[in-house]
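Q: Got a model open here and some time to go through it. Can you walk me through the backbone and packing?

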Amino acid sequence: MNNPPPLQRLDHIGDVLAFVRVADAQSFTAAAEKLSLSRSAIGKCIARLEQSLGVRLFHRSTRSVSLSDDGRLFYEHAQRILSEVDNATDAMASRQQAPRGRLRIDLPVSLGRLHVMPLVRGYLRRWPDVDADISFSDDYTDLVRDGIDVAIRIGGEADSRLVRRVLAPHRLITCAAPDYLHRYGAPATIDALAQHQTLVFTHTGQPVPWRFTVQGQERQVPVAGRLRVGHTEALRDAAVAGDGIAQLGAFLVADDLRAGRLAPVLESVAGAGAPVYAVYPHRRHLSPKVRVLIDDIAAAWSTDLPWRPYA
């Protein structure tokens, strides 16, 4: 029986980088432009890599380039390889304390768009040697698996692989438009919510229960309103329009509360809420690009928290 030939060593980290760029762009030409190389040079990198691995990494046609099954498997590992190379580079750059390199950030959808992105844009203007790749998700992304440098999260479970730094206090606000409260009155108790129109946030298709604090204990209350929405900003719009009572993050409704477009209800049982964290993989050397971004956000919110005084 013939044994498969032994794998050759990967001696060119540039080949791995070229592979990832081709996979991301689904184009040899676009990858070549990104890396300031010729298309033929990119082709040689991929050919050398495929020869070393003994597999075909891409399906190629005259119009498209796509990863093979082996290519998808190698892509997952290649991203981690490049992330470790970035980490090694960052460890050296930390001596100079100048942020540089590729920064991968994961943000909650609404909090990220409204309150984090303005700070990230300012950060990038200050540090032109940093490139930012930003993803938006209300799921708790696996930062280690996905090669994320830092995430901003509201609450979440502790993870021994991750470091969490509190950036700001935060809580949930149960609220409705003055017009709705004029027509139907304000609920005096949690149980009275059953007689009201509740606007329900759904996550992964499931209604998210409302949270209150009763005699020092958290109480989760299932809600089953006629309007169920998987987007918090759309839910806020419905509340402002007078369609019912919603429970939303202070970061999202503070402006509406200040302007009188919404009014809080059930304040006596409002919970303290989970804080906003910066979360990043546990590393011996925290790179300047991550450290400075976290410091910038913390400093900005310590002096001018957008959702104060409702935090």
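What follows is a short exchange about this chain.

Q: Before anything else, what kind of model is it, and what pLDDT do local features need?
A: This is a predicted model: local features need pLDDT of at least 70, side-chain atom pairs count only at pLDDT 80 or more, and totals for chains, interfaces and linings use all residues. Residues are numbered from 1 along each chain as its sequence is written, and side-chain values use heavy atoms, with hydrogens and water left out.

Q: Fine. How many helices and strands in the chain?
A: The chain has ten helices and 15 strands. Both are DSSP runs numbered from the N terminus, helices being H or I with at least four residues and strands E with at least two.

Q: Spread out or compact?
A: More spread out than a compact globule, because the radius of gyration is 25 Å, well over the 19 Å that the globule rule gives for 311 residues. That radius is taken over C-alpha atoms, and the rule is 2.2 Å times the number of residues to the power 0.38. Along the principal axes, the C-alpha atoms fill a box of roughly 75 × 45 × 35 Å.

Q: And what percentage of the residues is buried?
A: Buried residues are 43% of the 311 in the chain. Buried means under 20% relative accessible area, exposed over 50%, and partly exposed in between, with a 1.4 Å probe and protein chains only.

Q: What share of the contacts links residues 24 or more positions apart?
A: Of the contacts with a separation of 6 or more, 72% are between residues 24 or more positions apart. A contact means heavy atoms within 4.5 Å.

Q: Now helix 1 and helix 2. At what angle do they pack?
A: Helix 1 (residues 13–25) and helix 2 (residues 28–35) pack at about 125 degrees, and their axes are 8 Å apart. Axes are lines fitted to C-alpha atoms, for helices over the stretch in contact, and angles run from 0 to 180 degrees between N-to-C directions. The pair is therefore oblique; under 35 degrees counts as roughly parallel, over 145 as roughly antiparallel, 65 to 115 as roughly perpendicular, and the rest as oblique.

Q: Which residues make that contact?
A: L17, A18, R21, V22 and A25 from helix 1, with F28, A30, A31, K34 and L35 from helix 2.

Q: Anything else on helix 1, say where D15 is, buried or exposed?
A: D15 is in helix 1 and counts as buried at 4% relative accessibility. Beyond its neighbours within four places in sequence, D15 is in contact with C45, R48 and L49.

Q: Switching to helix 9. Why call it largely enclosed?
A: Because seven of the ten residues of helix 9 (residues 250–259) are buried. They are A250, F251, L252, V253, A254, D256 and L257.

Q: What do they pack against?
A: Among the partners of these buried residues are helix 5 (109–126), helix 8 (232–240) and strand 13 (245–249). After helix 9 comes G260, with a positive phi near 85 degrees.

Q: Which non-glycines have a positive phi of about 50 degrees?
A: T204 has one, and so does Q215. T204 sits in the loop between strand 8 (198–203) and strand 9 (206–207), and is exposed at 66%. Q215 is in the loop between strand 10 (210–214) and strand 11 (217–221), exposed at 81%.

Q: Last one: where is the cis peptide bond at P309?
A: From R308 to P309, with omega near 15 degrees. P309 lies in the segment after helix 10 (288–303).
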